[in-house]
Amino acid sequence: MDYFAQQAINAIQLGSIYALIALGYSMVYGVLVMINFAHGDVFMVSSFFCFLLLLVLPVPFVVALLLVMLATALLGVCIERLAYRPLRNAPRVSAIITALGCGLVIQNTTLSISPYSQRMPELFTPVTWNFAGLTISSLQILIVGTSVGLMLALDFFIRKTRYGMAMRAIAQDRITVPLMGVPVNQVIAVTFAIGAALGGAAGVLYASAYPVISATMGVLVGWKAFVAAVIGGIGNVRGAVLGAYVLGAVEVFTVTVLPSTYRDLIVYTLLLVILIFKPYGLLGRPAVQKV
Amino acid sequence: MKPLLEVRGVTMRFGGLVALSDLSFDVTPGHAHGIIGPNGAGKTTAFNVITGIYAPTQGDVLFRGESITGCRPSTIAHRGIARTFQNIRLFRDLTVLDNVRIACDAHARYSWPGAMIQLPSARQAEKETIGRCTDLLEKFGLGNEIHERAGDLPYGSQRRLEIARAMALQPSLLLLDEPAAGMNSAETLNLVEFLGWLRDHFSVTMLLIEHHMQLVMTFCDRITVLDFGKTIAEGTADEVRKNPEVIEAYLGQEDGHE
């Protein structure tokens, strides 16, 4: 029982990190109906930003988190402006290939600078508590707390602010929104900035929890987060969070009962099964196409 | 009086298809100006050019004497042109209030750092916007439905909401694309009354596409008749009604009693 509860804590930690990344996929899909395949590598590069920052200046956690989120947001906006916007009206396939290409460029740029994995310096020294037979570290609390805080902030932003409202409107009808005087390009840029910044936060948290970073780590984590977004219903922000926690739980508990090599087999089988029964994901709704 | 909108020799080609050919007309401030013509005459294309969805192949569109040709749709909306659509295009999953807020917000500033950290000034502005939107919706008889999902409203209310959303931009020119579409004659009569109220209450100039002849003839001060992307007649209802070309192209068709 204790073991089970201990694993539940691990699942929540992993799910929180997946959720932050999955949100980026889902938000961009929501406004542009496009899968930003570079997002996993944006997540990866953010942990390198953090690494470089700590190499130069050993700043406290909060400062590192904010600076890395800012840098990653800028990267996200640049990618959108330079690579995606010119292709906004191009065939869907061109945009997908461009996204994959951007991801590979980021990944290989990082690889050329840092061919080996790097050991992340400790952002802060975690304290461990024993509580009713469970071991909880302050790092776990920090990871889950930061993630949940950011998710609540995002939920508020999307539901209450005019930018959030514009994002929801663009998701429904991109032609009509500019006729309401809304600067669509600006809203899309903000969407990318926020999505990337959340991925950046995930990069910092992930590197704190699993402190060996490499240029290829964005591939698998990125795919998992993408799977989480699809399971939840891509385009749906709350769905992305739900999918991420489901995925985190499945991964962690698979490993507790089966050999760890079964982990990805179970995860992707779950994806297939969920999509057979819920083709739009757990919280997704069929899109009504009208012109 | 100086025209509010001037369409000057606008041609719109899509590959080999000529949707508009050298279209010209002026809209006088305060007028209700009708555009009529058979299906496929280019009426909606003209709206799309005026609102910036399409950049015309040739020609120029002037609003208050300044060229708006090739401007972005959001810029044109800011300058004061709002529109509705033939097939209602509300943000169906947003609430009635949010549909109007989107357009209202065009005048509030889009300052996202402020919105994100909820500066008191941003919050105050937000509150004012909601107040203005609620007032507007009450004027349009939608005061009791402001928190409902727009897609759940009955058809007639959706039409009214779409016009309310356009009016939230505080436009000086309102483009209505077949406001009477899908209405029976009693509803159309109500619509004429409603449009009259709209014009007087907001002192807005109107440009409207309509198939419903009775509506156009009674409501519009001036009428432009299009056929195959060309202007074939322009004038008051009486002048247009007597124009032989119009009778031939449109009114005279045996099955074309729309």
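Two strands are taken to pair if DSSP finds at least two bridges between them. With that in hand, strand 10 of chain B is a handy place to start in this predicted model: in that strand, B:K230 is the bridge partner of B:D227. Strand 9 (residues 222-227) of chain B and strand 10 of chain B run in the antiparallel sense, paired over five bridges.

Both strands belong to an open sheet of six strands in chain B, with the order 6-7-8-3-9-10 and mixed pairing. At the edges stand strand 6 (81-83) and strand 10 (230-235) of chain B, each with a single partner strand, so one side of each has no neighbour in the sheet. On average, neighbouring strands here are turned by 20° against each other, direction ignored. Helix 1 (residues 43-50) of chain B packs on this sheet, where it touches strand 3 (32-36), strand 6, strand 7 (173-177), strand 8 (205-209) and strand 9 of chain B. The direction of helix 1 makes about 150° with that of strand 7 of chain B.

Chain B also has an open sheet of four strands, ordered 2-1-4-5, and here the pairing is antiparallel. Its edge strands are strand 2 (17-27) and strand 5 (66-67) of chain B, each of which pairs on one side only. Further in, strand 1 (residues 5-14) of chain B runs antiparallel to strand 4 (residues 58-63) of chain B, and five bridges join them.

As for domains, chain B splits into domain 1 (1-80 + 171-258) and domain 2 (91-169). Taken over C-alpha atoms, the centres of domain 1 and domain 2 of chain B are separated by 27 Å. Where the two meet, eight residues of domain 1 of chain B are in contact with seven residues of domain 2 of chain B. On the domain 1 side, helix 2 and helix 7 of chain B each supply at least two residues. That side divides into five nonpolar, two polar and one charged.

Helix 7 (residues 185-202) of chain B is also where B:H201 is found. B:H201 has 10 C-beta neighbours inside 10 Å and therefore counts as exposed, the cut-off for exposed being 12 or fewer. From B:H201 to B:E234 the separation is 33 residues in sequence and 27 Å in space, C-alpha to C-alpha.

Turning to the two chains together, 25 residues of chain B are in contact with 21 residues of chain A. Helix 2 (73-79), helix 3 (96-104) and helix 4 (112-117) of chain B are the elements that give two or more residues to the chain B side. The residues on that side divide into 14 nonpolar, three polar and eight charged.

Within chain A, helix 5 (residues 138-160) and helix 8 (residues 184-209) pack with their axes 10 Å apart, at an angle of about 175°. Angles over 145 degrees count as roughly antiparallel, and helix 5 and helix 8 of chain A are therefore roughly antiparallel to each other. Helix 5 of chain A brings A:L139, A:I143, A:T146, A:S147, A:L150 and A:L154 to the contact, while helix 8 of chain A brings A:I194, A:L198, A:A201, A:L205, A:S208 and A:A209. Sorted by kind, the residues of this contact come out as nine nonpolar, three polar and no charged.

Definitions and conventions:
Residues numbered from 1 in each chain as written. Chains lettered and ligands numbered in written order. Predicted model: local features only at pLDDT ≥ 70, side-chain atom pairs only at ≥ 80, totals over all residues. Axes fitted to C-alpha atoms, helices over the stretch in contact; angles between N-to-C directions. Parallel < 35°, antiparallel > 145°, perpendicular 65-115°, else oblique. Nonpolar A, V, L, I, M, F, W, Y, C, P; charged D, E, K, R; others polar. Buried ≥ 20, exposed ≤ 12 C-beta atoms within 10 Å, placed from the backbone. Domains from an automatic or database assignment.
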